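I am opening a notebook on this structure.

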Amino acid sequence: MTRYLTLLLLLLAGFSSYGQKAKVTGKLLDSTSGKPLEYAYVVYNSSNHYSTTNLHGEFNLEVPADTAFTLTFQYQSITKKIKVAAIKAGETKTLDVRMRGTVEGTEFEIGSQRDRTKISVITLKPGEFKRFSNPSGNFENILKTLGVASGNNELSSGFNVRGGNYDENLIYVNDIEIYRPQLIRSGQQEGLSFINSDLVDNIEFSAGGFSARYGDKLSSVLDIRYRNPDSFSVGGNINFLGASLYVEGKKGPRFRYLVGSRFRSNAYLFGSLDVQGNYQPRFMDVQSLVQYDLDSRWNLSWLGAVASNRYLFVPESQRTSFGTVSQALQLTVFFNGAELMRYLTSTNALTLKFTPNNHSQYKLIASAITSNEREYYTVEGAYRLDELDKDLGSSTFGQAKFNRGAGYFINHARNELQVQAYTAAFRGLYTKNQWNLRYGADYRKEIINDVLNEWVYNDSADYSIPNNSGDSLFLYSTIRGKNNLNSNRVTAFVEQTWDLDRERNMLFNAGLRYNYWDLNGQSLVSPRMQFSFEPNRKHNFKVATDSLKKRDYVLKAAWGVYYQPPFYRELRSLDGTVRTDVKAQRSIHYVLGADTYFEMWGRTFKFFSEVYYKDLDNLIPYYYENVRIRYYANNNAQGYATGIDTRVNGEFIKGLESWFSLSFLHTRERIKYTDLNGAEQVSDWLRRPTDQRINLGIFFQDELPRHEEYKVHVNVVFGSGLPYFLGGLYRYNDEFRIPAYRRVDMGFSREFISPNRPAKGKFWSNFHTAWVSLDVFNILGVANTASFIWVRDVNGQTYAVPNYLTSRRVNLNFIFRL
């Protein structure tokens with residue numbers, strides 16, 4: 001009997017030991033950047049027992065006690081296994097695990113496990129942006145190949161998103177909203193945009209349906225993060241168009257710095273334009289990000305930037321051929337005078353960050369932006385309009401056959417604009433269990449002083465326009481004004497993200513945004529929400545090694561109300577007066593999207609697609625003069641925008657990321673206006689100025705087999721024709737059109753020094769990387785049209801003469817990093 005009792009006690013003790021549990025917790029981090037890897041699997045002994053990491057890369061998993069085991073970490077298609085020694089019952093073991101968060105060798109990573117849960121978000125992890133052939137040197141041109149942004153001017157950093165214009169895009173750098181100069185008329189004058197790609201660490205771009213923490217614009221958000229350096233480095237590049245240099249480093253455990261400077265002169269590029277003369281552009285800036293850890297909880301950072309852009313041009317002549325095979329025309333102009341565009345912009349932002357624990361974070365941000373813009377020009381010109389000989393057998397083929405008209409004009413302006421914006425902001429973050437709460441508030445003071453004085457005199461075919469009589473001189477157009485505005489804006493937001501089902505990656509975000517502007521007395525409340533889930537995530541993990549069995553896709557939806565209170569440019573009417581009663585424009589976004597990963601040629605690719613509809617009202621009509629937007633300062637239009645964006649990206653060539661994008665858009669508006677008789681009218685449904693029906697973007701990279709140091713890349717942009725509007729009552733019909741935009745840029749590069757190809761020689765051993773690239777801009781030599789100028793012949797017929805953009809040019813780059 002005693003033997004049976006002893007055996008029973010031993011069995012009970014065994015079962016008790018088997019049921020005892022231990023815990024393993026920790027963080028999963030990217031081995032390169034040190035950033036947390038979100039929504040990765042943590043699996044016990046390759047079984048169905050697993051957990052997933054949260055937004056901070058943290059995991060918590062119960063395991064049997066007193067037994068050694070293996071943990072498998074899976075992030076996207078990357079897997080890492082580690083063996084863990086037995087843990088005693090009731091105890092917790094903490095692990096800090098590092099693994100690659102990106103595929104080695106790629107220069108761009110588009111999309112990640114994290115951004116699969118976001119609506120319309122493209123995440124770019126830049127490696128070497130300079131390998132992208134870019135005539136303007138501005139980062140924003142990369143977006144035009146991704147299928148969610150478009151632009152018809154390679155010299156401009158402005159871009160349109162889903163039917164919106166340049167002014168409808170938010171740009172942030174380290175939580176600071178960036179100011180875009182207002183007086184710029186053409187891409188030639190624009191110079192460098194704020195974003196310095198040498199300093200960039202991470203980019204997120206949302207084309208619509210974005211959350212409540214982002215500000216008050218109708219179309220998109222571009223959120224930039226500059227690097228947080230952990231070691232000393234120097235890099236830069238020099239080319240035919242300019243140069244750049246950056247220095248970064250860390251002093252001791254607390255102090256980090258990142259400084260970059262750029263200089264650019266596009267005179268060589270402008271030499272391919274039809275208007276010839278003495279171009280003297282000079283664009284330069286200096287930016288710095290300095291950080292200091294006061295202790296383990298407090299961090300102080302300063303972002304500073306000064307940009308000085310000057311565009312001086314002394315025009316001499318212009319010869320532009322246009323028309324059709326049946327009627328070939330040529331405009332010849334001889335100029336006298338000069339134009340000078342100068343703007344000096346400074347940005348300063350101080351951020352104090354407090355992280356009391358692993359669940360909370362608070363930021364206080366104080367920023368000041370000042371901009372002084374000056375536009376001076378007086379240019380007179382005498383022109384003649386000729387019809388060309390189109391007879392192929394004629395000895396004078398292509399030469400002027402007879403004159404259709406002649407004229408004279410004077411363009412004059414003395415415009416000055418001063419903008420000051422001072423902001424105090426608070427940001428809060430709380431994450432624990434089901435809480436992922438973000439909240440914040442901003443106060444902004446704006447001071448604007450504007451002096452306008454511009455006029456145009458036209459004398460066409462010996463007749464002044466308008467006709468003059470006696471001693472009076474009537475000008476074709478005149479804008480004069482002196483405007484001073486002093487206003488205050490208050491904004492606030494709160495948003496919460498719920499993790500509804502971790503196994504299916506089901507997330508729901510809801511938020512509210514509030515905006516008040518004392519100039520027009522308008523208070524606005526914007527509700528916004530997003531939803532995403534991965535229906536087959538659990539199944540996909542079980543068949544992770546068999547790509548044919550995977551059903552790897554994510555479904556997304558978003559809805560939100562987006563208001564855009566007017567800035568100064570929307571308030572200023574065509575005659576230069578300011579209307580302070582203009583209200584905010586409104587856009588209601590409806591977005592449905594999906595993306596899927598698939599295997600091809602043994603590599604992972606991603607297909608992305610989104611359909612959207614935007615209900616637009618309280619719109620302010622406008623039209624373009626080259627890249628300048630002229631508003632009617634009246635909320636008298638309503639409209640809509642709908643379309644679909646698609647893109648596929650991956651390593652078509654192993655180790656090199658490429659993508660193909662295709663988008664379709666349809667956007668229209670209807671405008672209420674008063675005709676010449678004083679009667680109220682409503683226009684037909686008109687194409688909006690940004691109604692570009694088809695956009696195609698391609699960025700493709702390749703390299704020589706067995707000689708990977710030789711690479712080639714090509715970027716292609718195609719945009720179908722745009723409507724072109726004139727001012728006044730001509731705005732209410734859409735009979736003119738700008739031809740399709742077609743451009744192909746190609747680059748060839750040779751890598752001399754890299755981690756896999758160390759330098760030889762004492763001097764070159766100091767270099768970490770060094771390579772040379774030869775870029776051919778507009779390799780097909782397509783004459784793209786930016787805008788039109790209008791001339792009359794002796795019969796009073798008006799002709800639209802295209803203002804062509806840049807032609808073919810070659811640029812040589814030398815890029816290095818120490």
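**Entry 1**

In the loop between which two strands is D66 found? I looked it up: D66 is in the loop between β4 (58-64) and β5 (69-75). I keep in mind that this is a predicted model.

I went to D66 for its backbone. Its phi is positive, about 60°, although D66 is not a glycine. Most residues other than glycine have a negative phi.

N505 was my next stop. Its phi is also positive, near 55°, and N505 is not a glycine either. I placed N505 in the loop between β23 (477-501) and β24 (506-517). Is N505 buried or exposed? At 3% relative accessibility N505 counts as buried, because the limit for buried is under 20%.

I moved on to β13, residues 233-239. How many of its 7 residues are buried? I found 6 buried, so the strand is mostly covered.

Next I looked for its partners. β13 pairs with β14 (residues 242-251) in the antiparallel sense, over 7 bridges. A hairpin of 2 residues links β13 to β14. β13 also runs antiparallel to β43 (residues 809-817), and 5 bridges join them.

I followed N237 to see both sides. In β14, N237 stands opposite S244. In β43, its bridge partner is I815.

**Entry 1: an open sheet**

I traced another sheet. It is open, with 5 strands in the order β8-β11-β12-β9-β10, and its pairing is mixed. Which strands are at the edges? They are β8 (121-124) and β10 (176-177), each pairing on one side only.

Inside that order I checked β11 (residues 200-206) and β12 (residues 220-226). They run antiparallel and are joined by 6 bridges. I203 stands opposite I224 in β12.

**Entry 2: aromatic rings**

I searched the whole structure for aromatic pairs and got 42. I opened Y622 and Y631. Their ring centres are 5.7 Å apart and their planes make 50°, a tilted pair. Both of these tyrosines are buried.

Then I opened F652 and F660. Why does this pair count as edge-to-face? The planes are at 75°, with the centres 5.2 Å apart, and planes over 60 degrees apart count as edge-to-face. F652 has 16% relative accessibility, so it counts as buried. F660 has 30%, so it counts as partly exposed.

I also noted that F652 and F660 belong to one aromatic cluster with F598, W601, F605 and F700.

**Entry 3: charges over rings**

I looked for charges over aromatic faces. The charged end of R647 sits over the ring of F608, 4.5 Å from the ring centre. R731 lies over the face of F725, at 4.1 Å from the ring centre.

**Entry 4: a nonpolar patch**

I found a nonpolar patch of about 570 Å², made by F255, Y292, L294, W298, L300, W302 and L350. Which strand gives the most to the nonpolar patch? It is β17 (residues 298-323), with 3 residues.

I checked L350 on its own. L350 is in strand β18 (residues 328-354). Its relative accessibility is 43%, so L350 counts as partly exposed.

Notes
Residues numbered from 1 in each chain as written. Predicted model: local features only at pLDDT ≥ 70, side-chain atom pairs only at ≥ 80, totals over all residues. Heavy atoms only, no water. Buried < 20%, exposed > 50% of the residue type's maximum accessible area, 1.4 Å probe, protein only. Helix = DSSP H or I, 4+ residues; strand = E, 2+ residues; numbered from the N terminus. Pairing = 2+ DSSP bridges. Phe/Tyr/Trp six-rings, centres within 6.5 Å; stacked < 30°, edge-to-face > 60°. Lys NZ or Arg CZ within 6 Å of the ring centre and 35° of its normal. Patch = residues over 30% accessible without salt bridge, like charges linked within 9 Å, V, L, I, M, F, W, Y side chains within 5 Å. Areas by Shrake-Rupley, 256 points an atom, 1.4 Å probe, with all protein chains shown as cover. Salt bridge = Lys/Arg side-chain N within 4 Å of Asp/Glu carboxyl O.
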